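Biologist: I have the chain open on my screen and would like to go through it with you. Could you take my questions as they come?

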Amino acid sequence: MRVIIDTCVWTRFLRRGRPAEDPIAGEVRRLIRADAVQMLGCIRQELLSGVRPQDRFEPLKAYLRFYPNLPLDAEDDENAASCYNRCRERGIQGTLVDLLICAVAVRHGLRIFTTDKDFEHYAECLPIALHRSVRG
């Protein structure tokens, strides 16, 4: 089972001073050990765009390089637009990045590990599979 880890989960995992027994961070560690992590360029960009202070940028960039980007193509962009339109028809508003994540997950048979409740709404009209923490 391969998993796209959403930005909000990465941020929690990478946060300094988080509780040692955080179940979300523990699940990320488990997925890393299982070599199940899939990275998307848009998630990498979101993570690096929010880095403060600036001196943490290069170390984080180096760390994230361990996870190569899953290659995307025009079909992924088209599927993301279709996902956006299907959600919108049902009154569900989504971001372009979130719906790209959904489209890629569906196309490649990946699960999405997120704490963002919007994905539960997307799952009402898209065939996405959400990954749940073993302990949380």
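Biologist: What does the accessible surface of the chain come to, and what share of it belongs to carbon and sulfur atoms?
Modeller: Keeping in mind that this is a predicted model, the accessible surface comes to about 7,800 Å², and 50% of that belongs to carbon and sulfur atoms.

Biologist: And how much of the chain is buried?
Modeller: Of the 136 residues in the chain, 41% are buried, which here is meant as under 20% relative accessible area.

Biologist: Switching to the fold, which pattern do the helices and strands follow along the sequence?
Modeller: There are seven helices and four strands, and reading along the sequence gives β-α-α-β-α-α-α-α-β-α-β. The radius of gyration of the chain is 15 Å, close to the 14 Å from the globule rule for 136 residues, so the chain is as compact as a globular protein of that length.

Biologist: What is the strand order in the sheet?
Modeller: The sheet is open and has four strands in the order E2-E1-E3-E4, with parallel pairing. Strand E2 (37–38) and strand E4 (129–130) stand at the edges with a single partner strand each, so one side of each has no neighbour in the sheet.

Biologist: How many bridges join E1 and E3, then?
Modeller: Strand E1 (residues 3–5) and strand E3 (residues 111–113) pair over three bridges in the parallel sense, and Ile5 stands opposite Phe113 in E3.

Biologist: Last topic, charges: how far apart are the mean positions of the positive and negative ones?
Modeller: For the 21 positive and 19 negative charges of the chain, the mean positions are 7 Å apart.

Terms used: Residues numbered from 1 in each chain as written. Predicted model: local features only at pLDDT ≥ 70, side-chain atom pairs only at ≥ 80, totals over all residues. Heavy atoms only, no water. Helix = DSSP H or I, 4+ residues; strand = E, 2+ residues; numbered from the N terminus. Rg over C-alpha atoms; globule rule 2.2 N^0.38 Å. Buried < 20%, exposed > 50% of the residue type's maximum accessible area, 1.4 Å probe, protein only. Areas by Shrake-Rupley, 256 points an atom, 1.4 Å probe, with all protein chains shown as cover. Lys, Arg positive; Asp, Glu negative; His and termini not counted. Charge placed at Lys NZ, Arg CZ, Asp CG, Glu CD. Pairing = 2+ DSSP bridges.
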